[in-house]
Amino acid sequence: MVMGMASNGGWETANDGRRVWRVAVKSPGALGLRIQFSRFSIGEGRVWIYPEAGAEGVQGPYTGRGTFSNGEFWSGTVFGDAAIVEYQPQDPFEERIPFEIAGVTHRAVKPAPVEAPAPLAVAAASSGPYNFAGQLEAASCHLDASCYPDWNESMKMVADIFFMVDVDGQKLEAACSGSLVSTSNNNLKPYFLTANHCVSSEDEARTVSDH
């Protein structure tokens, strides 16, 4: 989906006289939204994505050619069912939009604890890193780490990640868990280990978000 931004967004003049462009992106009922940018090339301009009202998560500023310097990337998550994309051009009087919004995710459910089985996908589908339409139950050998105080520090290195997968030609957001891993020389590089069936390609890895 490529949105006709010139007609959907609007230019305003900020207090300092600069021109600022904003567009509202809405997906009713969503718990969170991510924005896919394409042909992103804004020089020293800046783009932010933030909640329309009463939600958390401000993403940006994005600049140059985006996260991977190739003009193509997904933003982090803005929580709620509406987000504002705001663009401040490098030239304070420019009125041109040098990027496209190529897609928007609709996060439908929150990952549930394993002791309360629930679908872990954030969009309905029949296959992928999880069985999106099924249930994930804890195995009998699994123990709830929160019941064991000695593991409180170790728990901090475990996290959920969210990423985009292609299911029958449709881009969907999925979730997996993983953990931080240390290097043998303890150089504090933030390596994160997850399963190959979760993130199995460079394209998928470039869509990973930690919330």
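**Entry 1: contacts along the chain**

I began with contacts, meaning heavy atoms within 4.5 Å. Among contacts in the protein chain between residues at least 6 apart in sequence, 63% join residues at least 24 apart. I noted that this is a predicted model, where local features need pLDDT of at least 70 and side-chain atom pairs count only at pLDDT 80 or more, while totals for chains, interfaces and linings use all residues. Residues are numbered from 1 along each chain as its sequence is written, and side-chain values use heavy atoms, with hydrogens and water left out.

**Entry 2: the chain as a whole**

I found 3 helices and 13 strands in the protein chain. These are DSSP runs numbered from the N terminus: helices are H or I with at least four residues, strands are E with at least two. Of the 211 residues, 36% are buried. Buried means under 20% relative accessible area, exposed means over 50%, and partly exposed lies in between (1.4 Å probe, protein chains only). I also looked up the accessible surface, which comes to about 12200 Å², with 51% of it belonging to carbon and sulfur atoms. Such areas come from the Shrake-Rupley method with a 1.4 Å probe, and for residues only the protein chains shown count as cover.

**Entry 3: two cores**

Next I looked for nonpolar cores, which are sets of buried Ala, Val, Leu, Ile, Met, Phe, Trp, Tyr and Cys residues joined through side-chain atoms within 4.5 Å. In soluble globular proteins, nonpolar side chains tend to be buried together.

Which residues touch the most other members of the largest core? Phe-37, Phe-40, Val-47, Ile-49, Val-85 and Phe-99 do, out of 19 residues. The elements giving two or more residues to this core are β2 (19-26), β4 (35-38), β5 (46-51) and β9 (82-88). A second, separate core of 9 residues includes Val-167, Cys-176, Cys-198 and Val-199.

**Entry 4: the disulfide**

How many disulfides does the structure hold? I found 1. A disulfide is a covalent bond between the sulfur atoms of two cysteines, and here the pair must lie within 2.5 Å. Cys-176 and Cys-198 form the disulfide, with their sulfur atoms 2.0 Å apart. Cys-176 is in strand β12 (residues 170-181) and Cys-198 in the loop between β13 (191-193) and α3 (202-205), so the pair links distant parts of the chain, 22 residues apart. The torsion about the S-S bond of Cys-176 and Cys-198 is about -80°, so the disulfide is left-handed. Both Cys-176 and Cys-198 are buried, whereas Cys-147 counts as exposed at 54% relative accessibility.

**Entry 5: a patch on the surface**

I found a nonpolar surface patch of about 460 Å², made by Leu-143, Tyr-148, Trp-151 and Met-155. Leu-143 lies in the loop between β10 (100-104) and α2 (152-155). Is Leu-143 buried or exposed? Leu-143 is exposed, with a relative accessible area of 63%.

**Entry 6: two partly exposed residues**

I looked up Gln-90 in the loop between β9 and β10. Gln-90 is partly exposed, at a relative accessible area of 44%. Its C-alpha atom is separated by 5.1 Å from that of Glu-44, 46 residues apart along the chain.

Tyr-191 is in strand β13 and is partly exposed too, at 41%. The C-alpha atoms of Tyr-191 and Val-181 are separated by 5.6 Å, with the two 10 residues apart along the chain.

Terms used: Patches are made of residues with over 30% relative accessible area and no salt bridge: like charges are joined within 9 Å, nonpolar side chains (Val, Leu, Ile, Met, Phe, Trp, Tyr) within 5 Å. A salt bridge is a side-chain nitrogen of Lys or Arg within 4 Å of a carboxyl oxygen of Asp or Glu.
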